[in-house]
Amino acid sequence: MGWRLGGQFMENDPQVRAGLSQRLQELRLENQMTQAELARLCDIPQPVLSLYEKADSNRMPTLYGLVKLANVLRVSTDYLLGRTNERTGSASFLPEDSVLKELSVKDRQILIHIAKALLLAAKTKQEIMRSKKIPSKAEQTPDTGA
């Protein structure tokens, strides 16, 4: 059973499939990503993503897959399906989004990896500090025997 769009099932609408395949490929290339990179970010097997990008394929993403693709590519699901030419469907909630949306998907993913590494380093440092006794100033001063 497929998704209903205007009273018909989407996978039976060649126009929807063709639009989705074109937009997926266009957005992926615009973000300088390979199929393998986009597939990994969306938890979709690369051969399946390849079928989504083929206009003559009958393969359509699941609802979950469509939402993941839209989120990673930073567009609305309606844009991916060709229901609108407006790329985003809602306003940004965070002021940082205005800066982040200027970056490619690949660059945003790099920032996320850096942020995760920094968070891990901070947590590790906190654990080390908790596990060790921090010497007082008196204990840090060497005994000169004078």
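**Close-up views of salt bridges and a surface patch**

**View 1. Salt bridge between Arg28 and Glu53.** In this predicted model, the side chains of Arg28 and Glu53 form a salt bridge, with an N to O distance of 2.6 Å. The pair links distant parts of the chain, 25 residues apart: Arg28 belongs to helix 1 (residues 14-30) and Glu53 to helix 3 (residues 46-53). Arg28 counts as buried because its relative accessible area is 8%, under the 20% limit. Glu53 is also buried, at 8% relative accessibility.

**View 2. Salt bridge between Arg87 and Glu30.** The side chains of Arg87 and Glu30 meet at 2.7 Å, N to O. Arg87 sits in the loop between helix 5 (77-80) and helix 6 (96-100), and Glu30 in helix 1, so that distant parts of the chain, 57 residues apart, are linked. Arg87 is partly exposed, with a relative accessible area of 31%; Glu30 is partly exposed as well, at 44%.

**View 3. Salt bridge between Asp43 and Lys68.** The N to O distance between these side chains, Asp43 and Lys68, is 3.7 Å. Asp43 is exposed, with a relative accessible area of 56%.

**View 4. Network of Glu26, Glu30 and Arg87.** Salt bridges with shared partners join Glu26, Glu30 and Arg87 into one network. The model has 6 salt bridges in total.

**View 5. Nonpolar surface patch.** Ile110, Leu111, Ile114 and Leu118 make up a nonpolar patch on the surface, together giving about 370 Å² of accessible area. Ile110 is in helix 7 (residues 105-131) and is partly exposed, with a relative accessible area of 43%.

Methods
Residues numbered from 1 in each chain as written. Predicted model: local features only at pLDDT ≥ 70, side-chain atom pairs only at ≥ 80, totals over all residues. Heavy atoms only, no water. Patch = residues over 30% accessible without salt bridge, like charges linked within 9 Å, V, L, I, M, F, W, Y side chains within 5 Å. Areas by Shrake-Rupley, 256 points an atom, 1.4 Å probe, with all protein chains shown as cover. Salt bridge = Lys/Arg side-chain N within 4 Å of Asp/Glu carboxyl O. Helix = DSSP H or I, 4+ residues; strand = E, 2+ residues; numbered from the N terminus. Buried < 20%, exposed > 50% of the residue type's maximum accessible area, 1.4 Å probe, protein only.
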